[in-house]
Amino acid sequence: MDVWSSLMDGFATALTPMNLLFAVIGVLLGTAVGVLPGLGPAMTVALLLPVTAALEPTSAFIMFAGIYYGGMFGGSTTSILLNTPGESSSVVTAIEGNKMAKAGRAAQALATAAIGSFIAGTIGTALLAVFAPIVVQFAVSLGAPSYFAIMILALLAVTAVLGSSRLRGFASLALGLAIGLVGIDSVTGQRRLTFGQPLLVDGLDIVVVAVAIFAVGEALWVAAHLRRTPLHVIPVGRPWMGKKDWARSWKPWLRGTAFGFPFGALPAGGAEIPTFLSYVTEKRLSKHPEEFGKGAIEGVAGPEAANNAAAAGTLTPMLALGLPTNATAAVMLAAFTSYGIQPGPQLFSSQGPLVWALIASLFIGNFLLLLINLPLAPVWAKLLQLPRPYLYAGILFFATLGAYSVNLQAFDLVILLVLGALGFMMRRFGLPVLPLILGVILGPRIEGQLRKTLQLSAGDPAGLFSEPIAIVVYIIVGIILAWPFIYKLIRRNRPAKKPLLPANSGAADYSD
Amino acid sequence: MSSLATGLKGRAELGVALLLGAVGVLVFLDANGLVTPYSQSDPVGPKTVPFIVSGLLIICAILLAINVLRGGKGEAEGGEDVDLAHPADWKTILPLAGAFILNILLIDWAGWVISGTVLFWGSVLALGSRHYIRDGLISVALALLTFYGFYLGLGIALPAGLLEGIL
Amino acid sequence: MTIVVGYVPTPEGEAALTQAIAEAKKSNETLLVINSSKGDALVDNRYAQEPDIQSIEERLADQGIQHIIKQPVRGHDAAAEVLDAADENDASLIVIGLRRRSPVGKLIMGSVSQRVLLEADCPVLAVKAE
């Protein structure tokens with residue numbers, strides 16, 4: 001089946017009244033959690049996993065898609081109106097966006113962010129629809145050795161590239177891999193790390209782990225460090241743009257999209273680098289460079305587009321290879337597994353209708369966000385006045401409810417608390433959360449591929465290098481691992497450059 | 001900040017290294033205790049990966065300890081609602097954890113409606129709300145709503161506990 | 001003696017401040033400006049920001065009024081903060097702004113001004129926005 005007709009079938013599924021309702025719920029929920037402090041799309045999807053277990057997988061994923069895109073929309077709203085970027089990817093938006101808002105141009109800043117997100121999201125999703133099947137075609141020809149190598153690459157890249165300390169990233173990854181080991185070994189039936197506890201034999205439920213790390217850990221962490229001084233939200237009417245704003249925005253939107261998608265699609269791309277690149281580019285190309293730092297509309301349009309295009313790009317390896325590279329994608333992948341759906345290149349053939357309905361719903365969700373949320377911006381800003389005790393008590397309440405409802409055993413709540421404390425500790429000591437989650441999700445699959453590889457080669461380690469793709473990937477892995485040393489060598493031969501971002505950009509290291 | 005406080009903070013992060021090392025040793029001992037005859041169909045066996053993971057954990061533990069002793073510091077995570085200028089507020093955290101543990105102890109015996117009410121009410125209180133009656137009403141409403149929502153909407157029967165027969 | 005004024009960055013709050021300045025000038029007393037927040041939400045538009053406070057500071061200094069500006073964030077509501085400040089400083093007068101409220105609004109939210117009026121030990125001057 002070609003892409004076009006599959007996609008049309010996807011639209012037919014996604015546009016049924018029931019699924020459309022889930023898309024609307026998804027974008028509203030996503031925007032709300034994007035706006036609300038302390039909540040993010042990854043946490044929300046994790047909290048919803050148990051609730052959605054009773055739903056059709058298609059409906060659940062349509063809702064998750066809405067939350068995914070909606071979260072970014074809400075994130076840019078708070079960056080602009082409050083100068084508190086919730087995610088590292090909206091740090092750059094806050095620089096110019098908040099300046100614009102302070103200069104009385106909040107409506108235009110929100111409008112260029114929203115329309116730019118819509119355009120970038122739509123182009124990005126179209127690229128996803130075109131490229132994912134191509135990646136799949138390429139991927140199905142790969143054997144276990146190549147998969148093993150690619151998964152190792154994804155793990156290492158996410159661990160080594162993102163975050164401020166590689167060492168702490170690897171520590172987090174190792175903890176995640178250890179958590180992933182718990183339970184019965186699928187090949188030999190041996191019990192690993194169960195300590196004689198029959199309740200641990202089935203392994204730690206990924207839902208419980210995700211809820212503990214994202215929701216409980218976060219709620220405890222924020223509760224310990226609540227911001228005491230209240231902030232002011234800049235009052236805003238309905239977002240709109242004048243002719244001149246359009247003229248200054250459309251090129252940054254397209255350039256931002258061009259930066260965002262490829263970076264998102266790479267195994268370790270993330271959205272920070274493309275948003276930053278887009279900002280720098282717009283500053284260079286702008287006819288009004290003097291406005292940068294004082295509220296230039298290009299500095300909002302470009303990075304916001306890059307952010308959303310990267311989000312669409314991230315779904316390419318997630319759907320085509322089963323490799324998540326950001327927190328929300330990781331939790332969505334966990335959702336596949338909890339529905340008994342095997343992620344990986346077979347996904348497109350085994351779950352074709354589901355995947356295409358998901359992609360179609362990304363288009364729909366994007367459109368709904370623009371339609372529903374442009375007029376609602378002042379309402380979203382009101383959400384910020386929600387008293388915190390209710391907000392964080394609510395997170396704990398629903399985290400408990402969700403984790404308990406999976407198996408109806410109080411023991412899961414003990415694990416929830418212990419891993420929640422771990423999540424708290426990781427945030428306290430700067431261990432990034434994402435490598436741990438990826439370790440838990442990918443660890444068992446990596447082990448499976450490793451054993452398959454050596455089974456084929458009858459135990460000969462040379463089997464690991466038996467495919468050309470695997471060798472190429474190992475070379476890339478080598479470069480990533482050696483990068484700090486290479487970088488030092490380059491630096492020694494060249495004087496250091498000035499930083500391009502203002503020093504006090506309010507950068508928050510936030511991994512969801 | 002006084003030198004004592006910074007010294008203590010440095011030591012606290014050594015605890016992370018200790019935890020990593022302890023988990024590493026635990027994984028190693030557990031894997032070592034597995035008995036598996038060599039099998040042609042599974043040359044890797046169930047031990048190899050745990051050994052690698054435990055190695056990674058122990059290496060990270062050692063490197064982290066060195067890093068911390070040399071003055072390295074993990075950057076605490078910021079966020080929209082986070083103010084890192086003041087130290088962790090244990091007067092909020094401990095009662096919060098207390099409400100959570102109380103819920104664990106109560107849930108199977110007293111049922112979700114009671115334990116959930118305790119959890120939400122206790123958490124709101126720990127987080128600084130002082131509207132005791134309004135909070136109590138919201139807690140009961142939330143617990144009841146989720147109980148019936150899960151039962152009727154999702155077909156999941158949360159434990160009724162003490163209120164068996166009434167609900 | 002001291003005059004205590006409950007300030008919020010709204011027309012009612014400005015009216016109260018203007019009135020309080022006039023009163024302080026008349027009797028040559030110290031003016032204590034209280035702008036508090038419970039601090040339980042990320043955003044509280046009734047909590048004045050730095051530029052607002054600075055302009056009040058300048059305004060009071062220009063008029064030669066002895067003044068103290070306090071912004072307590074202790075989890076107490078505005079009425080409690082104003083009453084506390086009046087008690088502590090043995091105030092001769094409290095000035096507050098009144099907001100128009102529907103009967104339902106009064107029923108649900110209660111009223112800061114009502115509490116101040118009923119519980120204060122000194123005279124209370126309540127003003128409306130123009």
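Student: In chain A, where is confidence lowest, and where is it highest?

Tutor: This is a predicted model, in which local features need pLDDT of at least 70 and side-chain atom pairs count only at pLDDT 80 or more, while totals for chains, interfaces and linings use all residues. Residues are numbered from 1 along each chain as its sequence is written, and chains are lettered from A and ligands numbered from 1 in the order in which they are written.

Confidence in chain A is lowest in helix α18 (residues 468-493), with a mean of 84, and highest in helix α16 (residues 410-428), at 94. The scale is pLDDT, the predictor's confidence in each residue, from 0 to 100, and helices (H or I, at least four residues) and strands (E, at least two) are DSSP runs, numbered from the N terminus. Taken as a whole, chain A averages a pLDDT of 87, and 95% of its residues score at least 70. There are also stretches where pLDDT stays under 50: residues 496-500 of chain A, for which the model has 2 contacts beyond four places in sequence, and residues 502-512 of chain A, for which it has 37 such contacts. A contact here means that the C-beta atoms of two residues, placed from the backbone, lie within 7 Å.

Some other helices of chain A can be followed in more detail. Helix α9 (residues 243-265) of chain A has 23 residues and reaches 33 Å from its first C-alpha to its last, close to the 33 Å expected at 1.5 Å a residue; the expected span of a helix is 1.5 Å times one less than its number of residues. α9(A) bends by about 30° at A:Ser249, and a proline, A:Pro252, follows within four residues. That bend is the angle between axes fitted to the seven residues ending at a position and the seven starting there.

Helix α11 (residues 298-321) of chain A has 24 residues, which should span 34 Å at 1.5 Å a residue, and its end C-alpha atoms, 35 Å apart, agree with this. In α11(A), 24 of the 24 residues are buried, so this helix is largely enclosed by the rest of the structure. A residue is called buried if 20 or more other C-beta atoms lie within 10 Å of its own, exposed if 12 or fewer, and partly exposed in between, with C-beta atoms placed from the backbone. α11(A) is followed by A:Gly322, whose phi is positive, near 75°.

Leaving aside residues up to four places away in sequence, A:Leu333 touches A:Met318, A:Gly322, A:Pro324, A:Pro343 and A:Ile441. A:Leu333 counts as buried because it has 22 C-beta neighbours inside 10 Å. From A:Leu333 to A:Ile446 the distance is 15 Å, C-alpha to C-alpha, and the two are 113 residues apart in sequence.

Chain A also meets chain B, in a contact that takes 65 residues from chain A and 59 residues from chain B. On the side of chain A that touches chain B, α7 (166-181), α8 (206-224), α15 (388-407), α16 and α17 (434-456) each supply at least two residues. α15(A) gives the most to that side, with 11 residues.

Along its principal axes the C-alpha trace of chain B spans about 60 × 55 × 25 Å, and 38% of its 167 residues are buried. The mean pLDDT of chain B is 86, with 93% of its residues at 70 or more.

Lastly, chain C has 5 helices and 5 strands. For its 130 residues a compact globule would have a radius of gyration near 14 Å, and the 14 Å of chain C agrees. Strand β4 (residues 93-98) of chain C has 5 of its 6 residues buried, so this strand is largely enclosed by the rest of the structure. β4(C) pairs in the parallel sense with strand β1 (residues 2-6) of chain C over 3 bridges and with strand β5 (residues 124-128) of chain C over 5 bridges, where pairing requires that DSSP finds at least two bridges between the strands.

Definitions and conventions:
The radius of gyration is taken over C-alpha atoms; the globule rule is 2.2 Å times the number of residues to the power 0.38.
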